[in-house]
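Hello,

Here is the structure we talked about handing over. My notes on it follow below.

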Amino acid sequence: MDTNQQTNNRYSNLINWLLVILLIYLLIVAVGMIGAGFKSATGDQAKELFAFATNPFLGLIVGTVATALIQSSSTVTSIIVGLVAGGLPVVTAIPMVMGANIGTTITNTIVSLGHVGDKDEFRRAFAAATVHDFFNLLSVVVFLPVEILFHPLEKLGLFLANFFIGESSLSLKNLNFVKALTKPVVNLFKSITHILPAPFDGIMLIILGVILIFFTIAFIGKLLKMLMVGRAKEIVHTAIGRGPIAGIGAGTLVTILVQSSSTTTSLMVPLAGTGVFGLKEIYPFTLGANIGTCITALLAATAIDGAKAVPALEIAMVHLLYNVLGVVIIFGIPFLAKLPIIGAETLAKVASERKVLAFAYIISVFFVIPGLLLAVTALT
């Protein structure tokens, strides 16, 4: 590579990194817009508006289906942060966040279908993809009943949010310049949508915010893949095989770098299919992806100021706590840690014999069963 080409590559990378920074800024602006629009559209009626979702199982289904359709838990959790900032109760939002974890696993499961032509490859690839499904389903089974009864995630999330935004000497409130930087742009969009009568001005602001979130996360993903996927693969090859802790750490780091747990876990499926890594090596890496994806919601929460800053950061903290504690508790208890592997290997063995069952699994788990539960809940 000649000197001119090296210089051009450096400039190109610099421009791409500046674009990433701009897009992260726009993501934070978008979340602020959703919060402001939701508050404007609902006034003090937000709790009444979401009374239908006070059933935690319904919230779980909403989060699962929304993420399966959008194929981005980062997008869904950023929208949830914005809704909480606008008045959606945190207790209602928590099952939605849990559902987003389930819905995001559809991407790597679909990627595994690319190996359907070779029976052994497909069995390995499908097991590597669905181990993430089984872990996230197990996390819900373990944590959702405890959360419904005792609210530990809600309480811990509130404690941490108050710690960072509270009035004590340890507070980071006065250091949060992000709000000051994004507020003028949010106010500009608010002034534009104010030409519409209430509540349509707020609804339009929400729609614009959601569109902006889709736009920013899609382009952040593309830019970071271009900049980081090569390095991500190096991290994967370096860390996997050095033990589960290294695998979890690598999964977390790669997901932060590429801003997509779907991308992270999908990177592993072909490596598993071709036999480069075994399921037990890939398993902890996918758990790290759960933790790494929380960075987007935390970034999104910095958009919010005023009275709703604490609940917005609280739900982002709940997302992080849920995924960290899921890894610590489930992966830390040998009996529980084995269950996703057993489930994934059993399902993959059956699906490799009857490939139509793999398609049936994806359609039923992510769409048909949640849809039926949603319909039953709506009728009762």
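Where does His-115 lie? His-115 sits in the loop between α6 (106–112) and α7. Before going further, please note that this is a predicted model, in which local features need pLDDT of at least 70, side-chain atom pairs count only at pLDDT 80 or more, and totals for chains, interfaces and linings use all residues. Residues are numbered from 1 along each chain as its sequence is written, and side-chain values use heavy atoms, with hydrogens and water left out.

The loop residue

His-115 has a relative accessible area of 11% and is therefore buried (buried is under 20% relative accessible area, exposed is over 50%, and partly exposed is in between, with a 1.4 Å probe and protein chains only). Leaving aside residues up to four places away in sequence, His-115 touches Glu-121, Phe-122, Ala-125, Val-269, Pro-270 and Gly-273. Contact here means heavy atoms within 4.5 Å.

The chain as a whole

The chain has 17 helices and zero strands. Both are DSSP runs numbered from the N terminus: helices are H or I with at least four residues, strands are E with at least two. Of the 380 residues in the chain, 51% are buried. The accessible surface comes to about 17300 Å², and 70% of that belongs to carbon and sulfur atoms; the areas come from the Shrake-Rupley method with a 1.4 Å probe, and for residues only the protein chains shown count as cover. Taking contacts between residues at least 6 apart in sequence, 82% join residues at least 24 apart.

Salt bridges

How many salt bridges does a search of the whole structure find? It finds two, a salt bridge being a side-chain nitrogen of Lys or Arg within 4 Å of a carboxyl oxygen of Asp or Glu.

One joins the side chains of Lys-119 and Glu-353, at 2.8 Å from N to O. Lys-119 is in helix α7 (residues 119–150) and Glu-353 is in helix α16 (residues 334–353), so this pair ties together parts that are 234 residues apart in sequence. Lys-119 is partly exposed, at 41% relative accessible area, while Glu-353 is exposed, at 53%.

The other is between Asp-120 and Arg-123, whose closest N and O atoms are 3.9 Å apart. Both residues lie in helix α7, three residues apart, about one turn of the helix. Asp-120 is partly exposed at 41% relative accessibility, and Arg-123 is partly exposed at 31%.

Helix α7 against α8

The axes of α7 and helix α8 (residues 152–165) come within 7 Å and cross at roughly 70°. That makes α7 roughly perpendicular to α8. From α7, the contact is made by Val-146, Glu-147 and Phe-150; from α8, by Pro-152, Leu-153, Glu-154 and Lys-155. Axes are lines fitted to C-alpha atoms, for helices over the stretch in contact, with angles running from 0 to 180 degrees between N-to-C directions. Angles under 35 degrees count as roughly parallel, over 145 as roughly antiparallel, 65 to 115 as roughly perpendicular, and the rest as oblique.

Thr-216 is found in helix α10 (residues 200–239). Its relative accessibility is 0%, so Thr-216 counts as buried. Beyond residues up to four places away in sequence, Thr-216 touches Leu-23, Leu-26 and Leu-27.

In helix α11 (residues 244–258), the buried residues include Gly-247, Ile-248, Ala-250 and Gly-251.

Regards
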